[in-house]
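Hello,

Here is the structure I promised to pass on. Please open it alongside this note; my findings follow below.

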Amino acid sequence: MKRPLVPFLAALACAVALIVGISIGGSPGTPTGFHRGKDGTLTIDSAHRPAAPDLTGMDVDGRPVRLADYAGKTVVVNAWASWCELCRKEAPVLVRYHQKMKDQGVVVLGLNRDGTANAARAFAREFHMPYPSVLDPGGKHLLSLPKGVLTTQKLPVTLVVDERGRVAASMSGAVREGRLEGLVAAARAGSPAKR
């Protein structure tokens with residue numbers, strides 16, 4: 001008689017642990033301090049921000065670029081490709097934002113997924129991109145991001161790295177200027193963006 005009770009109690013204990021985990025930490029698998037909005041946008045509390053990998057490589061013109069070169073600044077990292085229609089839509093937004101914010105300690109750094117530097121270079125010139133883009137045709141830099149930061153490998157992807165070199169926010173899809181301002185403000189303040 002005691003045997004059928006053991007599996008029931010084990011199942012009950014698992015259900016209670018799952019309910020407690022959800023009520024304390026959000027959805028299962030969501031790291032502490034990570035806040036995902038209904039639109040998929042992620043902001044991360046200052047105390048829980050993971051270190052950004054050092055995105056290092058050559059830019060579209062063959063010059064070396066490193067994320068670490070921007071230490072002390074808030075960096076908007078935008079992963080894009082010339083064949084991506086949403087990337088074409090958001091490129092003017094990022095160019096304007098970089099020009100507006102570069103003297104305020106916020107810069108844009110591209111992360112290009114094109115297979116050739118020629119395609120990336122033509123896109124950068126078409127949109128008059130004043131900021132560099134690290135060539136990443138295999139996507140190794142996106143794959144090196146800490147767990148939970150991205151929910152998709154689709155382009156475009158935008159990350160905000162705070163002045164201490166930690167991932168503060170991320171989103172997939174074409175970024176609008178208002179949304180970008182909110183993510184950067186949250187990164188600089190250390191708290192989630194207002195929804």
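α2 passes α5 in a right-handed crossing. Please keep in mind that this is a predicted model. Helix α2 covers residues 85–101, and helix α5 covers residues 177–189. Their axes come within 10 Å and cross at roughly 45 degrees.

Sorted by type, the contact of α2 with α5 has six nonpolar residues, five charged and no polar.

Now the strands. β9 spans residues 167–172. Is β9 enclosed or open? Five of its six residues are buried, so β9 is largely enclosed by the rest of the structure.

β9 pairs with two strands:

- β2 (residues 42–44) runs antiparallel to β9, joined by two bridges. Thr 43 has Ala 169 in β9 as its bridge partner.
- β8 (residues 157–161) also runs antiparallel to β9, joined by five bridges. Here Leu 159 stands opposite Ser 170 in β9.

β8 and β9 form a hairpin, with five residues between them. Look at Gly 165 in the turn: its phi is positive, at about 80 degrees.

Best regards

Note on methods. Residues are numbered from 1 along each chain as its sequence is written. This is a predicted model: local features need pLDDT of at least 70, side-chain atom pairs count only at pLDDT 80 or more; totals for chains, interfaces and linings use all residues. Side-chain values use heavy atoms; hydrogens and water are left out. Axes are lines fitted to C-alpha atoms, for helices over the stretch in contact, and angles run from 0 to 180 degrees between N-to-C directions. Helices (H or I, at least four residues) and strands (E, at least two) are DSSP runs, numbered from the N terminus. A crossing is left-handed if the near helix is turned anticlockwise from the far one by less than a right angle, and right-handed if clockwise. Ala, Val, Leu, Ile, Met, Phe, Trp, Tyr, Cys and Pro count as nonpolar, Asp, Glu, Lys and Arg as charged, and the others, Gly among them, as polar. Buried means under 20% relative accessible area, exposed over 50%, partly exposed in between (1.4 Å probe, protein chains only). Two strands pair if DSSP finds at least two bridges between them.
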